[in-house]
Amino acid sequence: MNEKNEKEVIERATADAFIELYNRKMGTSFSIIDHSDAPDIRCVAPEGNTLNLEITLTEDRNKDIAALLGRSDHRSLENLRKEIKEGKPNLRVSCLRENVIDQLIDRILHKLKKDYGPNVALVIRDTSPLDWPWDSELVNIRCRLKSQMKRNPFDKGIWIISYEKDKIYQIV
């Protein structure tokens with residue numbers, strides 16, 4: 001599968017799960033009508049309301065997504081052995097309140113630089129299988145974002161969808 005198709009498959013799977021959870025939470029009935037480039041997914045409700053989704057992924061550490069997709073060996077056992085030999089095995093440790101939220105904030109700030117038009121939500125898919133308790137850190141994330149955010153083009157919110165795609169958390 002080429003990278004573009006792979007990206008579209010990931011975006012569509014994320015959008016499918018997000019829309020189901022969003023509709024349940026918000027009492028709406030959006031359905032996906034189109035996959036485009038920016039925003040990535042276009043949705044419409046029977047009454048004609050629109051919801052557009054810009055989708056991105058978060059990672060605990062740089063290159064984790066590439067490793068997950070088989071494009072990097074930085075999480076391999078061989079690399080771990082090398083790190084231990086060099087005295088750097090702690091590079092694999094992740095902490096939600098530290099590097100994980102740092103990565104999340106960086107990803108959001110990058111997305112805030114572009115304007116995606118009206119009725120857009122940013123959906124961030126968690127790629128960590130650690131099932132981070134995002135709800136316990138929402139206040140911290142909001143505080144950190146507020147201090148760095150100059151504008152927010154996502155008038156329908158900034159959301160995280162869990163790794164298992166069974167929970168959504170609204171950041172903004």
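This section describes the salt bridges of a predicted model.

A salt bridge is formed between K111 and E54, whose closest N and O atoms lie 2.7 Å apart. K111 belongs to helix α4 (residues 96–111), whereas E54 belongs to strand β3 (residues 50–58); the pair therefore ties together parts that are 57 residues apart in sequence. Both K111 and E54 are buried.

Helix α4 also contributes D102, which forms a salt bridge with R144 at a distance of 2.8 Å between the closest N and O atoms. R144 is located in helix α5 (residues 138–148), 42 residues away from D102, and the pair links distant parts of the chain. D102 is partly exposed, its relative accessible area being 34%. R144 is likewise partly exposed, with a value of 24%.

Loop residues take part as well. In the salt bridge between K167 and D131, the closest N and O atoms are separated by 3.6 Å. K167 is found in the loop between β5 (158–161) and β6 (168–170), and D131 in the loop between β4 (120–126) and α5, so that parts 36 residues apart in sequence are tied together by the pair. K167 counts as partly exposed at 31% relative accessibility, and D131 is partly exposed with a relative accessible area of 44%.

Finally, salt bridges link K7, E11 and D40 in a network.

How values were computed. Residues numbered from 1 in each chain as written. Predicted model: local features only at pLDDT ≥ 70, side-chain atom pairs only at ≥ 80, totals over all residues. Heavy atoms only, no water. Salt bridge = Lys/Arg side-chain N within 4 Å of Asp/Glu carboxyl O. Helix = DSSP H or I, 4+ residues; strand = E, 2+ residues; numbered from the N terminus. Buried < 20%, exposed > 50% of the residue type's maximum accessible area, 1.4 Å probe, protein only.
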